[in-house]
Amino acid sequence: MSLESSGVFKDQKHHAGVSFSTKDVDTGAQLVAGLTSILHPDEALRIRKKIDRHIMPMMCVLYWVQFMDKTTLGSAAILGIEQATHLTTNEYNWLGTVFYLSYLVFEYPQNLALQRFPVGKWMSINIFVWAVALASHAACKNFAGLLVVRLLLGVCEGSITAGFLIVSSMFYTRTEQTLRVGYWFLMNGTAQIISGFISFGTLHINTKGFEPWQWLMIITGLITMILAISFWFFFPDSPTNAWFLTPDERAKAVQRIKENQTGVENKRFKKEQLIEALTDPKTWLFALFSALDNVPNSLTNQQTLILASFGFNALQTTLLSCVPGVIEILTIFTGVRLAARRPNSRAYVGAVYFVPSWLGILLVNLLPWSNQTGLLIGQFLTGCSVPGFVLSLSWLNSVTAGHTKKVVTNAIMLSAYCIGNAAGPFMWKTQYKPRNHVPWAVIGACYVICPVLLLVIRAVLARENKIRDAEPVDDEEEYVIERITEDGKRVEVKVDKEFLDLTDRKNRDFRYVL
């Protein structure tokens with residue numbers, strides 16, 4: 001059967017009903033319109049497990065690969081890329097920055113494309129292009145060549161986190177999103193470990209005219225290429241057309257996320273939702289947190305250089321670079337589990353994980369340079385704050401409704417992420433070595449402000465919930481879409497408010513998770 005738009009009508013007997021164009025409502029509305037049966041919890045669990053089996057492994061592997069790919073620069077530094085391409089310290093820092101500058105410039109266009117085109121297919125195209133760009137690093141002989149390929153990496157990888165946030169909100173409830181976002185994000189830690197071992201392996205490749213850092217780029221590029229092809233054929237675009245779900249399961253998958261009050265997606269860009277996103281205070285609070293929390297992320301490319309400055313050789317440094325990955329996996333896993341288990345605790349859990357990072361910064365700055373073990377422990381402790389950012393990603397996704405608004409807020413959040421990452425590398429100047437007190441002071445300031453911002457966001461959202469709780473409940477209005485049956489008859493079918501693609505501000509029944 002087909003669907004068509006219609007005008008406003010009123011049922012004179014009981015209530016006012018409002019008819020919506022199918023272009024305005026959520027895509028999921030077409031599947032669940034007129035559905036009155038209640039989804040049994042066991043059936044909902046079965047469908048969730050089926051979704052997990054088909055999309056979570058692919059999301060986790062891709063997030064591992066994308067983090068490994070963008071940090072190959074740090075691994076290549078210890079393998080000789082600086083000497084081979086005659087990079088100065090400033091040029092090396094610029095290579096870290098240009099990735100995030102291109103990521104920043106193209107983040108909004110990438111989000112618009114993710115709304116306009118099938119999510120899985122659009123990400124597949126981007127993965128393919130960045131695989132080629134990554135392998136092309138091996139052919140670069142100077143700063144200019146590396147600058148171009150790093151720029152291309154930033155353009156393409158801007159689609160991944162934004163795409164994953166959209167996919168997570170399509171397939172999972174708000175509590176499930178907290179865990180799932182954490183699971184695919186902790187693959188960053190896995191990437192650091194595996195990248196460390198790949199670097200260790202390439203360090204032992206002796207090929208005339210082809211250096212270990214070049215082998216690193218070729219190997220990681222090939223892995224990415226295989227993944228691009230797999231995503232094109234196997235990654236779904238939406239629960240409404242997921243290849244691994246039957247038609248009945250697709251409707252139930254949409255019905256399962258009704259409690260989110262955010263629907264699945266809407267392909268039409270709505271100007272009014274763009275304006276609302278730009279004028280919503282929480283958008284900018286999350287953005288400020290994202291920017292400040294990612295200034296310290298410059299440690300990713302500096303990690304091997306800092307460890308080497310402690311007196312470790314190339315082999316030891318390469319192996320020790322795996323440890324931050326283990327720490328990231330443990331902290332993200334425990335952080336998201338705590339937040340999911342304790343209702344409305346996202347801000348508190350995120351804030352607590354900044355405490356070990358404060359201790360680490362103090363150790364790195366105050367211990368004598370001869371205390372190699374203490375400096376190493378301090379360096380590793382600084383990576384414990386990652387759950388704060390992971391929780392903020394899933395939190396923003398859960399407290400934003402309206403597909404266009406979600407796309408815009410994600411773009412702003414990730415653009416702020418880029419600004420922090422782009423600014424960070426410039427702290428690491430030659431004159432600050434070896435103790436780097438100035439960069440560590442900046443990182444310390446960011447790590448003090450960030451947990452405060454999380455608590456402020458929680459207070460703002462809790463206040464809005466109280467205001468909405470005090471408002472009278474309006475159960476009178478019903479909403480329908482007009483459906484044309486196969487024999488040509490027009491039938492008005494009731495649709496739940498949750499699938500009207502309303503924003504969190506317009507839908508007064510929406511409550512913010514904390």
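Start with helix H8, residues 174-185, and helix H16, residues 323-341, which pack with their axes 9 Å apart at an angle of about 180°. Keep in mind that this is a predicted model. Angles over 145 degrees count as roughly antiparallel, and H8 and H16 are therefore roughly antiparallel to each other.

Which residues of H8 and H16 meet? From H8 there are Thr175, Thr178, Leu179, Gly182, Tyr183 and Phe185, and they meet Glu328, Ile332, Phe333, Val336, Arg337, Ala339 and Ala340 in H16. By type, that contact divides into eight nonpolar, three polar and two charged residues.

The next pair is helix H6, residues 119-135, and helix H10, residues 212-234. Their axes are 8 Å apart, and the packing angle is about 165°. That makes H6 roughly antiparallel to H10. The crossing of H6 past H10 is left-handed.

On the H6 side, the contact includes Met123, Ile127, Phe128, Trp130 and Leu134. On the H10 side, Met217, Ile218, Met225, Phe231 and Trp232 are among the residues taking part. How many residues of this contact of H6 with H10 are nonpolar, polar and charged? The division is 15 nonpolar, four polar and one charged.

Last, a single residue. Thr190 sits in helix H9, which covers residues 187-202. Is Thr190 buried or exposed? Thr190 has a relative accessible area of 18%. Buried means under 20%, so Thr190 is buried. Leaving aside residues up to four places away in sequence, Thr190 touches Trp64 and Ile329.

Notes:
Residues numbered from 1 in each chain as written. Predicted model: local features only at pLDDT ≥ 70, side-chain atom pairs only at ≥ 80, totals over all residues. Heavy atoms only, no water. Axes fitted to C-alpha atoms, helices over the stretch in contact; angles between N-to-C directions. Helix = DSSP H or I, 4+ residues; strand = E, 2+ residues; numbered from the N terminus. Parallel < 35°, antiparallel > 145°, perpendicular 65-115°, else oblique. Left-handed = near helix turned anticlockwise from the far one by under 90°. Contact = heavy atoms within 4.5 Å. Nonpolar A, V, L, I, M, F, W, Y, C, P; charged D, E, K, R; others polar. Buried < 20%, exposed > 50% of the residue type's maximum accessible area, 1.4 Å probe, protein only.
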